[in-house]
There are 4 protein chains.
Amino acid sequence: MYATKEIIERMVADRRHIHKRPEEGWTEFETTAFVVERLRSLGFEVLTGPKILNTAFVMGRDPELVKSAQERARQHGISEALLAEMDGWTGAVAVFDTGRPGPVTAFRMDLDCVCVQETDDPSHEANLGGYASERPGLMHACGHDGHTAVGLAVAEWVKEHADELCGRFKFIFQPAEEGTRGAEPLAESGVADDIDYLVCSHIGTGYKIGEIAVCHRGFLATTKIDVRFTGRAAHAGTAPEKGRSALLAAASCATLLSGISRSAQGDTRISIGRLVAGEGRNVVPVHAYMQLETRGTTEEVNQFMVENVHRIVEGTAKSFDVEASIEPVGHATVLEADQEVTDDLMAIAKEIPFVHKVERNDGITGSEDVTMICRRVRAHGGKVGFFIFGCNEHGHHKGDFCIQDEESLREAFEMDVRFVLRKNRR
Amino acid sequence: MYATKEIIERMVADRRHIHKRPEEGWTEFETTAFVVERLRSLGFEVLTGPKILNTAFVMGRDPELVKSAQERARQHGISEALLAEMDGWTGAVAVFDTGRPGPVTAFRMDLDCVCVQETDDPSHEANLGGYASERPGLMHACGHDGHTAVGLAVAEWVKEHADELCGRFKFIFQPAEEGTRGAEPLAESGVADDIDYLVCSHIGTGYKIGEIAVCHRGFLATTKIDVRFTGRAAHAGTAPEKGRSALLAAASCATLLSGISRSAQGDTRISIGRLVAGEGRNVVPVHAYMQLETRGTTEEVNQFMVENVHRIVEGTAKSFDVEASIEPVGHATVLEADQEVTDDLMAIAKEIPFVHKVERNDGITGSEDVTMICRRVRAHGGKVGFFIFGCNEHGHHKGDFCIQDEESLREAFEMDVRFVLRKNRR
Amino acid sequence: MYATKEIIERMVADRRHIHKRPEEGWTEFETTAFVVERLRSLGFEVLTGPKILNTAFVMGRDPELVKSAQERARQHGISEALLAEMDGWTGAVAVFDTGRPGPVTAFRMDLDCVCVQETDDPSHEANLGGYASERPGLMHACGHDGHTAVGLAVAEWVKEHADELCGRFKFIFQPAEEGTRGAEPLAESGVADDIDYLVCSHIGTGYKIGEIAVCHRGFLATTKIDVRFTGRAAHAGTAPEKGRSALLAAASCATLLSGISRSAQGDTRISIGRLVAGEGRNVVPVHAYMQLETRGTTEEVNQFMVENVHRIVEGTAKSFDVEASIEPVGHATVLEADQEVTDDLMAIAKEIPFVHKVERNDGITGSEDVTMICRRVRAHGGKVGFFIFGCNEHGHHKGDFCIQDEESLREAFEMDVRFVLRKNRR
Amino acid sequence: MYATKEIIERMVADRRHIHKRPEEGWTEFETTAFVVERLRSLGFEVLTGPKILNTAFVMGRDPELVKSAQERARQHGISEALLAEMDGWTGAVAVFDTGRPGPVTAFRMDLDCVCVQETDDPSHEANLGGYASERPGLMHACGHDGHTAVGLAVAEWVKEHADELCGRFKFIFQPAEEGTRGAEPLAESGVADDIDYLVCSHIGTGYKIGEIAVCHRGFLATTKIDVRFTGRAAHAGTAPEKGRSALLAAASCATLLSGISRSAQGDTRISIGRLVAGEGRNVVPVHAYMQLETRGTTEEVNQFMVENVHRIVEGTAKSFDVEASIEPVGHATVLEADQEVTDDLMAIAKEIPFVHKVERNDGITGSEDVTMICRRVRAHGGKVGFFIFGCNEHGHHKGDFCIQDEESLREAFEMDVRFVLRKNRR
């Protein structure tokens, strides 16, 4: 076992520290600071801010929200120097070169939380442990706190065992995974282009403590889109004919979107997850706002959905004589892992004593934006792999999500470290 | 009483003759021939064919249907000479000049039937009398046979009493009233431009034998529109994404059309009366055809509806990536009668012994394309009036529609003749 | 002129006092207190709280909102005694008996504001005068502050001229006119049952300073309805088939509601003014909430709309396998005034020197819930009338609504006082 | 080669004979008679009519159409005796027992044509050969004529080689495959329950001359459904509120059907292939008729679609206050073949000299109702297989569909005969 008691305790403490201060995508200033400071104290070279993001590819980022998050971070003790270095952009990439020839091996973690209220049930893990979210309506209910804690622990292990290792290492702490926003600008920055092996992982997703699944294919390509309709106000009683209802446009649009044709080229999804429209009961509604997403089992079939969305929104705007705007706010693609890494991960998982079930799972129908980094790495000749490590979670994105960090995080740590030893042993 | 037993018998015989050979709009070759020959035999100058129609304004006319109707008329004994004169166009206008100064007084009749199957109930009027429709699926179920018979009788009376009269007379036998198609091209021909007094009438519409209503305002402006969508075929199982469903486009379009905003500027209507779409269960539908109409209590508010129809059809075509075509196939406006004629008609109605109920009715919510001729006459300084004469009809456009012609037709005859005597007595 | 400089100044001051503290429907504790204290100081018997409301008929009242409004009023100095007397219910009725036989003459005012943010444009009337709303998002943008000020002034005048008058007087200060909520429970309390003459009025609505319109018919019957759909959550990527989308149900429902058939029985309206649905982009939406209203030129045709709403909501719930709830939250009927009062008001308006335009207007297509009180008064043998007095308003329910109170309020005061003198002069 | 020149000529002649007289599902009286007489002349025991169909499971059969088809067959020379034996039901099963122990080996053919007009292009195969369809609007454009000809040829071969064989044989000539109607009642008759090996095949579907594909999985489960809505007529101008539009109900229903949620349990389809609604432009439509189908990659996910169809139709009927009826008119399930037969068919295909391409294809996304017979055979312990044999078809269900019968039919003949020799060689 590489996961010593001490390492596990450190991971658990880190995860709980992060859990208390959840930050939504593009606002992870405190979390980034925590990561940066730790990694620098360990002697890593750490890049942050615009150095790891191609901002031309950033989507779904609200400048107002970022500004207030910077202020919050400032008040919570984050140094002006670090805030200035980040320059409004979250995430970090730590680099370490052993000085000896060998592959570039990398791990990717994600930093952001979800907009979910943590339960106040006293029997809930974080309430029992006293590390529940201090920020109302925000919670690490997808386990990214755990991912980050594991990444820090693996980084520390690598530094401590540097003498035994060769090659180089990259630890990617990505912002804004929720909404599949952060991976594309990070990939497009080129920071991952020299990676030979990229190992990605996620906690939970149906797997329990002691279970590991290796994913070779799967995950749905997805595009996140915001749609806004703008109509014209009028009194609903005295002049309805003068109004143009953005609400009715959005309603019809949502109905038509749900009816986009199935495709024989692959399985698809369309979700209109949120719709807010109208100003008052007796006024023809001027504003409508819709959050939606498409998915598909291939990049092409997801694109088919996106094209339909565009056409239907435009057609609806015409039908209802309203203005429409379409804003892409996130994007991920399908997973295409490499046989070598998949085989390695399967083999490693089977070696770990406290892992009692190992399986291949190529049928995950969720989405993960690390696929965008994987695609970039592979386009530059690198190889990628993905595994899921279990926890008994109660369901992701729910207020009672929990991960039993003592038992769960060590699974990922063990996988990562053993992968390092396979590829970068001196 | 001007309606002698002999006149009534002639009207009844004429009406029954026409009733046996119903002809739908733009195909009234036999009926036109009947009218033309009678009027010429009475010594009228009779215009027909393109002389009374501005064909640039013709809508809702199927050249194939016209061609087969000409052939049918030919086989039914209509002379080649008359068919050549008509040149594919139905309707006739008879003119008579007394030679003495006086106003131009005109009456308008309509020639066409509706597409309704006459009942085979033996107790039905036309079955009892042996003059039921010989043409399956076609029937004079709106009483235009009666209108025409009255028009012929009044024309005959005018000729017989020419010595007592002054001024000029026009008897307009309009084609294609159903679908509000024939009046506009007739008006636009200018044939009605010299009219001083135009008296229009309709049988039934809720009024019973012995009842007369004079309409000063009312009738809804209306536009008849055919919409066609053309999509792209594909096998519904193996390649649905390659198809573009004209059926779904039409379905969504129909739904949106029904939701066009009410207007505070006037009452409106939208009716999608027929929809035929698709080729087979397992093929993405290529063709969809919709018959619809708009109405409104003003010309403007009907136009508001028409504009919405256009916009929604175009928006829908965009949304569904199909082609759309919009064909206007009929148009009528609201009734605006002149106080002088309205007063005359009220006064006359009250004089007629066998009319026991007379009322003003400005709230008719059906449509009548004679309003298009009325508008033209008034634009040229003429005055118009409209009355309804009763019959016990069982409902218009139904297979058991009946009019008790002996008792009903004389009401209109009496109104018209007395109007002539008011305006054109020497 | 009865509107002396002193009276006008008092009205203007009262209106501005009220304008600073706008309160939405059912929360008018400060405004009610202001009215009650003034009227009691004048010697009126004043009923408030449950004594003037049949709470079984109350709609559209949020107990939480009321509770926080009580607390706010308390902090703003409203006495515990008065709050206890009101017992959570707003509105007041002041009664005065001259002791001499004569009719019961009544006036109705409304107390509530609308949810509109007052403009910060420095040239705006209330900003110039320093009496702009102190409560963000709330504003007297429909002139009820003016109505109340006029009511107080007329009440004071009546008391001061009591020696010249006979009969009895009622001044009704109704809560929650916006959303047509307060009139029905007030009427159903019976407090208006003994009224012989009820005079109602509204400021503005398109009429300018110096203009008065008397309404004999008009106003649309209306019903305000809240609809909620409850579906079932599911991850939009991994298990869409397990979800039931309340959002799509609401969207389809809104579309179908907009398509309720026009009626030949009268003009109608349907407005879906607000729709909020869904919890997040990638979750099948569980909750949807719709605010809508129907209107009609008759009570029957409005009822036709309401029945269609119910049927469509239920059918939609079935189609989408979601739960639906329908809550009526407001109701008003059409205006049916009495000829006597209408004639009086027309005559009075024409007598007033500073009123330069007087007209009948029976075509108002807005709604007013005083119609519910009118109906009750008439059912008990009383007679009612309604007039509009002008101001140059810039549009109701807008942030720059203004009323030039010095010139406008005296119009209504003069109308009311002269009506009193017509009916209750000793 | 077992397909001798003589056998090929016989197959080609039979196929062309059948091609001239195409008969749609449930009306294959002439084709059945042709098959029955041939097989009886060869000495087979032949069952027909109700003996091979459990009529309780019959769907999509129009008794009027059957009656007129019987009359047509009678006039075309089919004997009264055979018509009486068939008793209104088409299809035949031929049985032959070698008298020696051995497996029951069976082949299934289908008899019906599609409703497609054969092209009049003179270069079209059937026009060149003089055997084009004599029946307008009907054509063997799916190759069932070829299937039947092959079945007859294999049956003849089996009889001629009876001495070399053991076991028993069944040749199933199924009616009404189009619309997936005939297989289920045939399976439910039990006539296939004793089969040990069932070999099924189809011509074309994208494979060219000389190509054979063996299908182990694939084909979509499907349900064919007819939906009817019945509303209430009213004049669209004078009383729209009295009508209930079946057209708008169908339109909304079609829209909602297209929006049935995707499922993560499998791929699905929904096709509304035909919609006919309404009686005339100005009448609220009383009747609407929709033809639709659902499909799915599993029986369960197709059932999910069917349940949604039922719910949406019922909800729509409620929303629009119309009556609805839902009639299932066809059903097929997915293919589940047996490894043994699949392996046999792959091996055999590779042996045939004139077959130059052999592949496995488990991804067919069309539907085939023989899957219902397969399911029944397997439930009784039998094993099944499926292959596709090529032709250069120009697309199924099209007027220029062609099969180059000389070269194509021998592929299937060779496959079947070689299968017999594998399983039933003495």
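This is a predicted model: local features need pLDDT of at least 70, side-chain atom pairs count only at pLDDT 80 or more; totals for chains, interfaces and linings use all residues.
Me: How many residues of chain A are in contact with chain C, and what area do the two chains bury between them?
Reply: The size of an interface is often given as the accessible area lost when the parts come together. Here 39 residues of chain A are in contact with 39 residues of chain C. Of the area buried between chain A and chain C, 53% lies on carbon and sulfur atoms, and the total is about 2800 Å².

Me: Which residue of chain C forms a salt bridge with A:Asp226?
Reply: Between chain A and chain C the count is 2 salt bridges. A salt bridge requires the nitrogen and oxygen atoms to lie within 4 Å. For A:Asp226 the closest N and O atoms are 2.8 Å apart, and the partner is C:Arg281.

Me: Which element gives the most residues to the side of chain A that touches chain C?
Reply: The elements that give two or more residues to this side of chain A are strand E8 (221-230), helix H8 (246-258), strand E9 (268-277) and strand E10 (287-296). The residues of this side divide into 16 nonpolar, 15 polar and 8 charged. The element that gives the most, with 8 residues, is E9(A).

Me: Which residue of E9(C) stands opposite A:Ala277?
Reply: E9(A) pairs with strand E9 (residues 268-277) of chain C, and this pairing runs in the antiparallel sense over 3 bridges. Opposite A:Ala277, the residue that stands in E9(C) is C:Leu275.

Note on methods:
Residues are numbered from 1 along each chain as its sequence is written. Chains are lettered from A and ligands numbered from 1 in the order in which they are written. Side-chain values use heavy atoms; hydrogens and water are left out. Contact means heavy atoms within 4.5 Å. Buried area is the accessible area (1.4 Å probe) that two parts lose on being put together, summed over both. A salt bridge is a side-chain nitrogen of Lys or Arg within 4 Å of a carboxyl oxygen of Asp or Glu. Helices (H or I, at least four residues) and strands (E, at least two) are DSSP runs, numbered from the N terminus. Ala, Val, Leu, Ile, Met, Phe, Trp, Tyr, Cys and Pro count as nonpolar, Asp, Glu, Lys and Arg as charged, and the others, Gly among them, as polar. Two strands pair if DSSP finds at least two bridges between them.
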